[in-house]
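Hello,

Here is the structure you were waiting for. Please have a look, then read my notes below.

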Amino acid sequence: MHVPMKSTSFLRRAYDLYADGFRNMTLGRVLWAVILIKLFIIFAVLKVFFFPDYLKQNAPDGDKAGYVSTQLVERSAK
């Protein structure tokens, strides 16, 4: 589908370019699906199992800001 060039804004033409490109994709859809699945695995699954909430375990009574400031002062004094 070819649309004749009109005097439209740059943002509109850029959006049309990308929208048309994604609409006509074949292999690219599969690649985007693979990318989104990998991002989900990285941010959801790995975070839950390999990166525990360190502040929740070590900060007394939920005073995370106080714990961090105490640790920074103690470590800078060494």
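The chain has four helices and zero strands. Both are DSSP runs, numbered from the N terminus: helices are H or I with at least four residues, strands E with at least two. From the N terminus on, the order is α-α-α-α. The radius of gyration is 24 Å, well over the 12 Å from the globule rule for 78 residues, so the chain is more spread out than a compact globule. That radius is taken over C-alpha atoms, and the rule is 2.2 Å times the number of residues to the power 0.38.

This is a predicted model: local features need pLDDT of at least 70, side-chain atom pairs count only at pLDDT 80 or more, and totals for chains, interfaces and linings use all residues. Residues are numbered from 1 along each chain as its sequence is written, and side-chain values use heavy atoms, leaving out hydrogens and water.

Now the overall dimensions. Along the principal axes, the C-alpha atoms fill a box of roughly 70 × 30 × 25 Å. Buried residues make up 6% of the 78. Buried means under 20% relative accessible area, exposed over 50%, and partly exposed in between (1.4 Å probe, protein chains only).

Aspartate 61 sits in the loop between helix H3 (54-58) and helix H4 (64-77). Its relative accessible area is 84%, so aspartate 61 counts as exposed. Isoleucine 35 is 26 residues away from aspartate 61 along the chain, and their C-alpha atoms are separated by 40 Å.

Best wishes
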